[in-house]
Amino acid sequence: MAQNQSAPDATRRSERSRRAIYDAALALVAEVGYPKTTIEGIASRAGVGKQTIYRWWSSKADVLLEAFLDLSGQAAEAAAQDRPSADASPYGIPDTGDLAADLKHVLRATVDELRDPAFEAPSRALAAEGVVNEELGRRFVATLLEPQLQLYVDRLRSAQEAGDVRPDLDPRIALELFVSPLAQRWLQYTGPITYEYTDTLVDYALNGLAPR
């Protein structure tokens with residue numbers, strides 16, 4: 001009987017440790033930047049042994065990228081609760097048949113995420129390091145950014161099939177009409193990040209994407 005109880009207890013301890021490591025890594029990189037973030041520092045802040053981290057991850061980059069995936073997953077699940085459609089999946093852009101409304105909905109959720117201190121500070125730290133650290137930058141894009149962009153590609157392709165967007169457009173390029181300006185404004189502080197701004201980006205983009 002004791003053996004049957006030990007496995008769940010060990011699982012719960014592992015999950016608590018993993019969660020503490022995620023939180024410590026994100027907090028530390030926000031406070032001191034990526035170069036000064038170390039496995040030792042993460043372990044100390046999380047209250048775990050260094051070997052616990054090395055048992056699960058091989059580098060601080062692996063820890064941070066997984067922590068960001070977890071953070072993004074939590075944000076996606078929270079956004080899904082307010083989704084104006086029957087689509088229950090947290091990972092995707094809703095397809096209600098109204099492309100503008102669907103894009104505005106997901107971009108408003110992105111605005112909330114970008115303005116959330118829990119996401120913004122560590123995200124800026126990693127984004128800044130990715131500019132000068134090519135390997136980290138490529139991993140950041142491949143692991144975190146590209147899967148999110150693919151969701152826009154999928155939604156735009158659906159709109160093409162419905163006749164709402166010109167069939168000759170490349171969705172991967174088209175999505176940059178509203179995603180890239182938002183990212184630039186956020187990274188460079190060139191203007192406020194608001195719902196009104198992202199709604200306008202969608203309106204401008206779709207007016208140019210409408211069938212001829």
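Mentor: First, a helix axis here is a line fitted to C-alpha atoms over the stretch in contact, and angles run from 0 to 180 degrees between N-to-C directions. Keep in mind that this is a predicted model, where local features need pLDDT of at least 70, side-chain atom pairs count only at pLDDT 80 or more, and totals for chains, interfaces and linings use all residues. Residues are numbered from 1 along each chain as its sequence is written, and side-chain values use heavy atoms, with hydrogens and water left out.

Trainee: What angle and what axis distance describe the packing of helix H5 and helix H7?
Mentor: Helix H5 (residues 99–114) and helix H7 (residues 134–161) pack at about 170 degrees, and their axes are 11 Å apart.

Trainee: Why is H5 called roughly antiparallel to H7?
Mentor: Angles under 35 degrees count as roughly parallel, over 145 as roughly antiparallel, 65 to 115 as roughly perpendicular and the rest as oblique. The angle between H5 and H7 is about 170 degrees, so H5 is roughly antiparallel to H7.

Trainee: Which residues make that contact?
Mentor: Contact means heavy atoms within 4.5 Å. On H5 the contact involves Leu99, Asp102, Leu103, Val106, Leu107 and Thr110, and on H7 it involves Tyr152, Arg155, Leu156 and Ala159.

Trainee: How do these contact residues divide into nonpolar, polar and charged?
Mentor: There are 7 nonpolar, 1 polar and 2 charged residues in the contact of H5 with H7.

Trainee: How many helices and strands does the protein chain have?
Mentor: The chain has 10 helices and 0 strands. Helices (H or I, at least four residues) and strands (E, at least two) are DSSP runs, numbered from the N terminus.

Trainee: What share of the 212 residues is buried?
Mentor: Buried residues account for 39% of the 212. Buried means under 20% relative accessible area, exposed over 50%, and partly exposed in between (1.4 Å probe, protein chains only).

Trainee: What makes Lys104 and Asp203 a salt bridge?
Mentor: A salt bridge is a side-chain nitrogen of Lys or Arg within 4 Å of a carboxyl oxygen of Asp or Glu. For Lys104 and Asp203 the N to O distance is 2.9 Å, and the pair meets in a salt bridge. Lys104 lies in helix H5 and Asp203 in helix H10 (residues 195–209), so this pair ties together parts 99 residues apart in sequence. Lys104, at 21% relative accessible area, is partly exposed, and so is Asp203 at 33%.

Trainee: Which residue forms a salt bridge with Arg108?
Mentor: Asp199 does, with the closest N and O atoms 2.6 Å apart. Arg108 is in helix H5 and Asp199 in helix H10, 91 residues apart, and the pair links distant parts of the chain.

Trainee: Why does Asp199 count as buried, and why does Arg108 count as partly exposed?
Mentor: Asp199 has 14% relative accessibility, so it counts as buried. Arg108 has 33%, so it counts as partly exposed.

Trainee: Where do Glu15 and Arg19 lie?
Mentor: Both are in helix H1 (residues 2–32), 4 residues apart, about one turn of the helix. In the whole structure, 15 salt bridges are found.

Trainee: Why is Tyr189 called exposed?
Mentor: Tyr189 has a relative accessible area of 60%, so it is exposed. Tyr189 sits in the loop between helix H9 (176–188) and H10. Its phi is near 55 degrees, a positive value in a residue other than glycine. Most residues other than glycine have a negative phi.

Methods
Ala, Val, Leu, Ile, Met, Phe, Trp, Tyr, Cys and Pro count as nonpolar, Asp, Glu, Lys and Arg as charged, and the others, Gly among them, as polar.
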